[in-house]
Every structure is written in structure tokens, then in C-alpha cells.
Amino acid sequence: MSSGQRRSVTHLLGTSGLDISLVRRILEEARSFAEVLKRPVPLVPVLRGKTVATVFYEPSTRTKLSFELAAKRLSADVLSFGAGGSSVEKGESLKDTVSTIAAMGADCIVIRHPDAGAAARVASWVDLPVVNAGDGRHQHPTQALADAFALGEVLSSRHGEEDERLGSGPAFWTDQGSVFRGLRLVVVGDIAHSRVARSAVWLFDSLGARVECVGPPTLLPPATEGWPCSFGFDLDDALERADAVMVLRLQLERGASVGICSLEEYRQLYGLTAERADRLGPDVVVMHPGPVNRGVEIDVEVLESHRALVSHQVRAGLVVRMAVLYLLCTHAQGDFDASVGQELQGIGV
Amino acid sequence: MSGEEAAVLLKGGTIVDPPPVLQSDRGSDGGEAGFVEDADLLIRRGRVVERGKGLAARGARVLDVSGMLVFPGFVDIHAHVREPGAEYSEDLKSLTEAAVLGGYVGVVLMPNTDPPIDSVEAFRAMQARADAVGVCHVYWAACVTRGRAGHGLTPMASLAREGVRLFTDDGAFVWDSRVMRDALLWAKRLAVVVADHAEDPWLCGEWPRAWGGEVLTSAGGLSNRGIEGAPWAGGGSRAGRSSVASPYPRSEAAPGSANESGYTASLGLAGRPREAEKIAVERDIVLCEATGARLHVMHVSAKESVEAIHRAKEQGVPLTAEVTPHHLALTERALKNFDPVYRVNPPLRTEADRQALLEAVCEGTIDAVATDHAPHAQHLKELPFEKAPPGIAGLEVAAALCYELLVEAGLVELPRFAELFSSGPARVAGLIGNKGLGRRLEPGVEANVTVFDPSSSWVYEPSRSATKAKLTPWNGRKFCGRVVHTFVGGRHVVERSKLRMEGVEAS
């Protein structure tokens with residue numbers, strides 16, 4: 001595996017540098033899979049005989065279940081791996097673990113890991129398509145794609161143009177461009193530690209939205225040059241311009257507590273409280289990637305209000321992951337090149 | 001190691017003279033820096049015996065070095081060996097073999113081994129071991145603080161009497177300013193050097209050990225295990241036990257592993273900000289000025305630190321500074337695939353920083369190129385980026401790489417290159433004249449000689465390298481310019497870029 005000819009395989013490692021035509025393809029495939037899920041038997045045989053391995057080194061409910069259900073809806077077999085109770089506890093390395101899984105004949109590896117770049121490393125070690133299901137603070141691309149899908153459904157239904165071709169509701173792309181063009185998305189919370197924020201910033205920027213990240217100065221990235229978004233400290237100010245709000249979970253396990261004084265102060269300044277939500281325009285929608293710290297970054301009333309897309313996001317996650325698995329396991333090579341681990345950078349001047 | 005070498009005549013090379021450091025080095029040519037083309041050098045009984053044009057062989061073995069550069073042997077003042085503690089990553093034999101292949105005749109070894117070199121007993125044992133197995137001159141540095149814990153000075157006077165010339169807690173900043181001042185006060189009295197790894201650990205997300213966290217160890221331990229459980233005391237390493245309650249909240253967050261920038265933030269890597277280096281450098285400058293001791297700033301990586309050092313030197317503060325080949329060659333953009341071969345402390349920074357370092361090398365703010373050779377076994381560099389220990393192995397490529405970046409690029413002249421690799425580092429570490437290190441190649445001087453062929457192109461292959469660190473940024477890289485011969489005290493240890501077996505006489 002270390003040398004010789006490598007098969008050209010494609011990966012989904014992040015949303016930065018992802019070709020917009022590919023994003024469109026994923027979202028359009030996802031729309032057709034949304035139709036599949038409305039059938040009495042919500043199953044398609046497109047990945048029959050293939051094996052999708054889910055390799056999770058961090059706790060997860062929705063992402064792991066979502067990938068596994070997506071694989072099953074595509075008729076793939078699922079090899080489910082959790083670091084607890086495995087040879088990892090005997091000290092087995094990530095490289096050995098994924099090499100073992102590859103040797104068993106998996107066709108695709110879905111990996112979640114606490115370290116940034118772990119998915120890229122796995123992609124360099126195995127000759128299989130790799131999907132990043134969250135790597136440290138780096139990226140969680142299918143979450144952002146799910147959010148785009150959920151938001152796209154809301155926005156396109158407002159535009160009201162039926163897409164006869166797919167017969168699955170209004171299209172995200174029309175002759176005027178994408179429904180995301182000009183959308184003002186406010187991402188609020190612990191941007192510095194959030195892979196969801198990174199995936200969203202680059203994805204929504206490429207879709208034509210204007211993204212503003214809001215949070216306490218200590219939880220914004222310490223340096224931001226090259227980020228395709230604006231930054232602010234004042235949530236109330238940002239909300240005046242928002243079309244959609246993405247509320248992030250305060251990731252206490254990744255060190256967020258170092259940057260804030262108290263959870264109560266955080267809630268007062270950056271929580272999407274019921275009172276703040278009441279000031280939002282009627283069409284403004286609210287997203288949260290879950291799991292929620294209720295009463296900290298968002299109030300229960302807001303979560304349960306008509307503007308919350310949370311369960312919508314979960315459904316969108318399923319169809320987006322079906323689309324990603326389907327495309328990665330079956331696509332003609334070359335499509336995903338923009339997102340693939342590029343060649344090692346030349347050394348020197 | 002022992003045994004008399006037959007005489008060798010290096011024929012037709014270009015002998016390069018760095019600017020003289022010692023008065024006695026004002027040799028035949030009046031002591032100016034420069035180079036002499038088509039010159040011969042006769043080595044006999046471990047010393048240079050004759051230098052000039054058209055020398056007769058008189059029974060000496062003749063090596064044709066025409067077209068090649070004949071330098072005073074290179075000295076590396078910053079190399080990490082993993083013996084004792086992690087010999088699978090590098091031992092004294094593999095390190096010194098890598099050193100001589102890279103043209104180094106002497107190395108200063110960092111004391112952050114496991115256990116660290118922080119006592120007379122440890123120093124004696126490891127110096128004896130190095131003298132027994134090393135193929136070049138080896139000088140152990142010793143720790144500033146016991147166990148590299150950041151407090152509690154080592155017996156510096158006793159260690160200096162044993163021969164230690166350089167003290168450092170490298171890998172960790174001596175963050176307690178009182179401890180650092182005490183160390184410098186001793187250093188001044190003992191006429192030794194304190195070298196500091198200038199990076200503020202708090203800004204880099206590493207709680208100093210004394211407050212219950214753990215700093216990096218030679219084996220790359222990165223855990224914050226020591227801060228588990230309230231109230232932050234108790235856990236941690238043997239050396240780090242402390243009754244001081246940490247004011248820091250509990251965090252599982254990884255310590256900084258990359259330059260802090262928008263780019264690395266987009267990669268989700270926790271940062272080691274440039275301010276961390278500048279703060280540490282500025283503090284060291286203040287203490288250096290106050291004590292008048294010899295202080296050496298290791299592996300300068302950021303533009304602002306270079307500026308601070310430049311300013312201090314202009315004001316006459318007696319400090320010196322080094323730069324590594326990897327900081328001269330690479331930037332944070334190398335991290336794009338998260339390959340941990342590029343993980344190093346201080347981190348690879350931006351192109352502007354790299355340019356500032358090159359400029360500082362040209363204008364003299366930098367005294368020496370030092371490799372910070374930090375080898376790790378393959379399995380340690382096959383971990384995810386944030387789990388892999390920091391460090392780049394560079395002994396075998398440093399000269400070739402820097403020749404390309406500095407001389408080929410037209411930034412420095414040959415005598416300055418010789419200074420950066422031999423007399424400069426020897427002076428920094430207090431080794432000038434010790435076994436002839438850093439001396440110009442004049443009759444009577446011990447024959448420490450590095451012959452470099454600037455037109456030889458080659459590819460660095462880890463399978464053929466001596467270091468045990470097989471994953472490096474240099475694998476497969478093509479170099480133009482190569483160390484061909486290395487003489488250590490007259491012993492011909494590298495011949496035609498290969499290790500020369502003891503007692504085997506080449507024809």
C-alpha cells in the first residue's frame with residue numbers, strides 16, 4: 001500500500017476547495033433519494049454487494065446512525081466500528097485499524113476522529129474512498145451539506161418553481177442561479193472549536209451565500225485571514241441582517257470553557273434566547289447541528305418553534321449521506337478531484 | 001575509532017575560510033575570509049600538515065576533490081538523540097552516522113532524553129557511551145532544571161566542571177523568569193551558555209508541568225493527563241509533582257501544533273502564535289542584558305523574533321541565535337495534507353517569516369544554522385497530525401538544503417556559509433578550538449574537514465539514510481550539492497558519500 005500504483009479514488013474530506021458542480025450533484029442526488037424515502041419500501045439496490053465501514057473514534061448518535069441507515073437504504077452492508085471495546089484499547093494505531101478494515105474488503109470508509117486531519121491521513125493510507133464524518137476542529141462536510149439541503153428545501157419552496165425533471169419539489173438551482181445566492185447566514189457560537197462552522201463557512205460561501213460568524217472574541221478563530229466570511233461580536237446586530245441562523249453547540253469538551261466566563265454570561269450574550277428569536281423576521285429559520293446544550297446556546301422554546309429546522313436537518317442528513325455514499329462508491333473517477341487530498345506540497349522555495 | 005590513519009592528500013579543491021574567530025586563526029593568507037581555488041590539503045596524523053598549491057603526495061593517499069568545496073568540518077549545536085529512552089527512534093550510533101553523512105564532525109546533543117541529562121552521573125554515563133560508539137565528536141548539553149520541570153536548577157557548576165558547555169531545557173521554555181535569571185547568573189560565572197526554546201507554553205496551549213500539566217517529552221508525550229481531577233495537583237509526572245493549584249480550567253483540547261494563522265485555523269489546528277515566540281525572546285533578551293550572560297536563542301522562526309534579536313544585538317546584548325534548515329525551506333502551507341512529518345516546534349510559519357529568516361542569515365543576525373534534528377520512529381509519524389510528536393530529522397540534508405537556499409540562490413558567499421556551518425555554531429556553543437572545531441584549515445589544526453561537491457545531484461532516500469527517522473519532509477527530494485567526504489580528527493569517516501568502514505583502506 002505504501003508504494004506502487006495507487007488506484008485513483010476520491011474522497012469527501014471537507015468543503016474547502018470542493019467543486020461547486022460536485023456540491024450541486026450531491027444535493028440533486030439527495031433530492032432524488034428524498035423521493036425514494038417516500039416509497040413504501042424506501043430502499044434502492046444501487047450499492048448491493050458493497051460494504052460501507054463506519055469507523056468512529058468519538059461518541060456520536062446522529063452522524064453514525066445516519067451514515068449506517070443511509071448505507072442500508074442503498075442496500076450496502078455496514079461494518080460498524082467504535083473505538084471503545086476494540087483493539088484500539090490494546091493500543092492499535094489508526095493506520096493499522098483502517099488497514100485491517102480495508103483488508104476485510106470494505107468499499108468505503110466513513111471516519112470520525114478527534115484529531116484534525118485524521119480523515120486525510122486515512123485517505124493517504126488506504127486505497128478506498130474516505131468520507132470525513134468529523135475530524136477534530138477541522139471539517140464535517142456532510143453536516144454542512146445536510147444543512148444546505150434543509151435550507152435549500154425551505155428556500156426553493158418559497159420560490160415555488162417545480163422541477164418536473166425530478167418531481168421532488170422545487171429545484172435548488174434555477175435559471176437565475178442557486179436559491180442560496182445572497183442568503184445571509186449567521187453562524188453563532190464557538191467558531192474556533194467548531195468543525196461544523198468551518199464546513200458551513202466554505203460550503204455556503206461557494207453556494208453564493210454571505211456568511212457572518214458571531215461569537216465571543218475568545219471563541220472566534222485567533223486569526224481569520226483567508227476565511228470567506230465576515231466576523232462579528234454582537235449577536236443582536238448580526239441578527240438584524242440574518243435570513244438564517246446556525247446556532248453551534250458550545251463544545252466544552254474541546255476547550256470552549258477556557259474562552260468564556262460563565263455559561264450564564266454566554267447565554268446572555270450569544271444564546272439564541274426566546275426573546276431574541278421573537279425579534280427575528282417571520283421567515284428567518286434557525287438551525288442547530290445537535291446535540292443541543294438546552295438553555296445555553298439556544299432556548300427550548302426556539303428549538304420547538306416553527307422556525308427551527310432541527311428535525312428537518314436530521315432528515316436531510318440521511319439523504320445527503322445516501323448521495324455521498326452513492327457517488328463515492330459508484331462514480332466515475334475524476335469527479336471529486338477538487339476535494340481529494342492533493343499531492344504533497346513541493347518542498348523548498 | 002582509534003588507530004592511525006594513513007596520510008591523505010585532498011587535491012585540487014576549493015578551500016573555504018570562514019572569518020577568523022581566534023587570533024591564532026589569522027593564517028597564511030592574513031586571516032581574511034575567503035576561498036582558495038585549486039588548492040591541496042595534506043592531512044597526516046590527525047592534523048592538517050600542509051596547505052597550498054601543487055603539494056607532493058609523499059606517500060599520502062590522494063583524493064581528487066577538484067570542483068569540490070573543502071570546508072572546516074561542520075558543527076551542529078542542536079541535535080536530539082533518543083538514547084536513553086527511545087532508542088528505536090535514534091541511538092548514538094545512528095545519530096552520529098547521520099551526522100557525518102551530513103558533513104558534521106561535531107554535534108551538541110540535547111538533554112531531553114528519558115531520563116534527561118540533568119545530573120553529573122547521567123552526563124558521565126552518556127558522554128562515555130557517546131565517546132565509545134559515536135563516529136564524530138559528541139558534546140552533551142545538560143538541562144537547566146532538574147527533570148526539565150522548569151524549576152530547581154541542575155548542578156550547573158559540577159556539570160560545567162565535567163565539560164558541559166551548553167545548558168538547555170530544549171523542548172520546553174524556561175518559563176519561570178526567576179529560574180532563568182538564576183541560570184544565567186550561574187552561566188556567566190561558569191562561562192557557559194544557556195540556550196532557550198523560546199515559546200511561551202501558555203499561549204501554545206501547553207500547561208507547564210509544574211502547574212500540573214505536562215510539557216512535551218522526547219518521546220512526544222502530549223497528554224494533559226497531569227491535570228485530571230480537581231484541584232489540578234497531584235497527577236502528572238514524577239518531576240512535575242507540585243502542590244500549586246493550577247488556575248487553569250480543565251480542558252481536553254490539544255496543544256498548539258501549527259503556526260497560528262487563518263490558514264491553520266481553517267485546518268482546525270490549534271495554534272502556536274508568533275507572539276508566543278516573541279514574548280519568550282523579549283524576556284530572554286531582558287534577562288540576558290541584565291545578567292551579561294551568554295544566552296542563545298534556539299530555532300528562531302518568526303519575523304518579529306528576528307527583529308527583536310537584531311535590535312538587541314545592535315544594543316550589544318551578548319546573545320546569539322540559530323535558525324533551522326526546515327524553517328528556511330518550508331512554510332505552514334506544507335500542512336495541507338496533515339502529514340505529521342511537517343509537525344515541529346516552533347512551527348513552520350509563513351512565507352514572510354521564511355523570507356525574514358533568510359534575510360537575517362544574510363545580514364548576520366543569525367549566528368549559526370542548527371538542524372534541530374529531532375528523529376521519530378516511523379510509527380510515531382504515522383499518527384494523526386495532532387497526535388504525532390513534533391520534530392524533523394535533518395542532519396543528512398541540512399548542508400545540501402542550505403547550500404541550495406543560501407549559496408545557489410546567491411544570498412550568501414562561501415565564507416559566510418562556512419561560518420554558518422562551522423565556526424559560527426562552534427563559537428555559539430563554546431567549542432571553538434575544542435578538538436579543532438570551527439578552526440580554519442591551517443597547518444597544525446586538527447583535521448576536521450567536510451568536502452562538499454556542489455555539482456553532485458542526488459535524491460534523499462530514507463532507505464539509504466543512517467537516521468532511524470524514516471519519515472521526513474525530505475524523502476524523495478532531489479538535491480544539488482552533496483557531502484562527499486568527512487574527516488573527523490583526521491579519520492576519514494565518510495568517503496564518496498558513504499560511511500567508511502573502520503580499517504578498510506580505499507585504494
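**Exercise 1. Composition of the chains**

Solution. The model is predicted: local features need pLDDT of at least 70, side-chain atom pairs count only at pLDDT 80 or more, and totals for chains, interfaces and linings use all residues. Residues are numbered from 1 along each chain as its sequence is written, chains are lettered from A and ligands numbered from 1 in the order in which they are written, and side-chain values use heavy atoms, with hydrogens and water left out.

Task: Determine what percentage of chain A is buried and what percentage of chain B is buried.

Solution. Step 1: buried means under 20% relative accessible area, exposed over 50%, and partly exposed in between (1.4 Å probe, protein chains only). Step 2: of the 349 residues in chain A, 58% are buried. Step 3: of the 507 residues in chain B, 65% are buried.

**Exercise 2. A parallel sheet in chain A**

Task: Give the strand order of the five-stranded open sheet of chain A, and identify which strands stand at its edges.

Solution. Step 1: the order is β9-β8-β7-β10-β11 (chain A), with parallel pairing; two strands pair if DSSP finds at least two bridges between them. Step 2: β9 (230-232) and β11 (285-287) of chain A each have a single partner strand, so one side of each lacks a neighbour in the sheet. Step 3: on average, neighbouring strands of this sheet are turned by 25 degrees against each other, direction ignored. Axes are lines fitted to C-alpha atoms, for helices over the stretch in contact, and angles run from 0 to 180 degrees between N-to-C directions. Step 4: strand β10 (residues 244-247) of chain A is joined to β11(A) by three bridges, and A:Val245 has A:Val286 in β11(A) as its bridge partner. Step 5: helix α6 (residues 195-206) of chain A lies across β7 (184-188), β8 (210-214) and β10 of chain A, and runs at about 155 degrees to β8(A).

**Exercise 3. A parallel sheet in chain B**

Task: Describe the three-stranded open sheet of chain B and the helix that packs on it.

Solution. Step 1: the strands follow the order β6-β7-β8 (chain B), and the pairing is parallel. Step 2: the edges are β6 (74-79) and β8 (137-140) of chain B, each with a single partner strand, so each has one side without a neighbour in the sheet. Step 3: neighbouring strands of this sheet are turned by 20 degrees against each other on average, direction ignored. Step 4: helix α1 (residues 92-101) of chain B packs on the sheet and touches β6, β7 and β8 of chain B, its direction making about 135 degrees with that of β7(B). Step 5: four bridges join β6(B) to strand β7 (residues 104-109) of chain B, where B:Asp76 stands opposite B:Val107 in β7(B).

**Exercise 4. Two helix pairs in chain B**

Task: Find the angle at which α7(B) and α9(B) cross, and classify the residues of their contact.

Solution. Step 1: the axes of helix α7 (residues 303-314) and helix α9 (residues 351-363) of chain B come within 8 Å and cross at roughly 25 degrees. Step 2: the two helices are therefore roughly parallel to each other; angles under 35 degrees count as roughly parallel, over 145 as roughly antiparallel, 65 to 115 as roughly perpendicular and the rest as oblique. Step 3: contact means heavy atoms within 4.5 Å. B:Lys303, B:Glu304, B:Val306 and B:His310 in α7(B) meet residues of α9(B) including B:Ala352, B:Asp353 and B:Glu363. Step 4: the contact of α7(B) with α9(B) divides into five nonpolar, one polar and four charged residues. Ala, Val, Leu, Ile, Met, Phe, Trp, Tyr, Cys and Pro count as nonpolar, Asp, Glu, Lys and Arg as charged, and the others, Gly among them, as polar.

Task: Carry out the class count for α10(B) and α11(B).

Solution. Step 1: the axes of helix α10 (residues 398-408) and helix α11 (residues 414-428) of chain B come within 11 Å and cross at roughly 145 degrees. Step 2: residues of α10(B), among them B:Cys402 and B:Tyr403, meet B:Leu414, B:Phe417, B:Leu420 and B:Phe421 in α11(B). Step 3: this contact has ten nonpolar, no polar and no charged residues.
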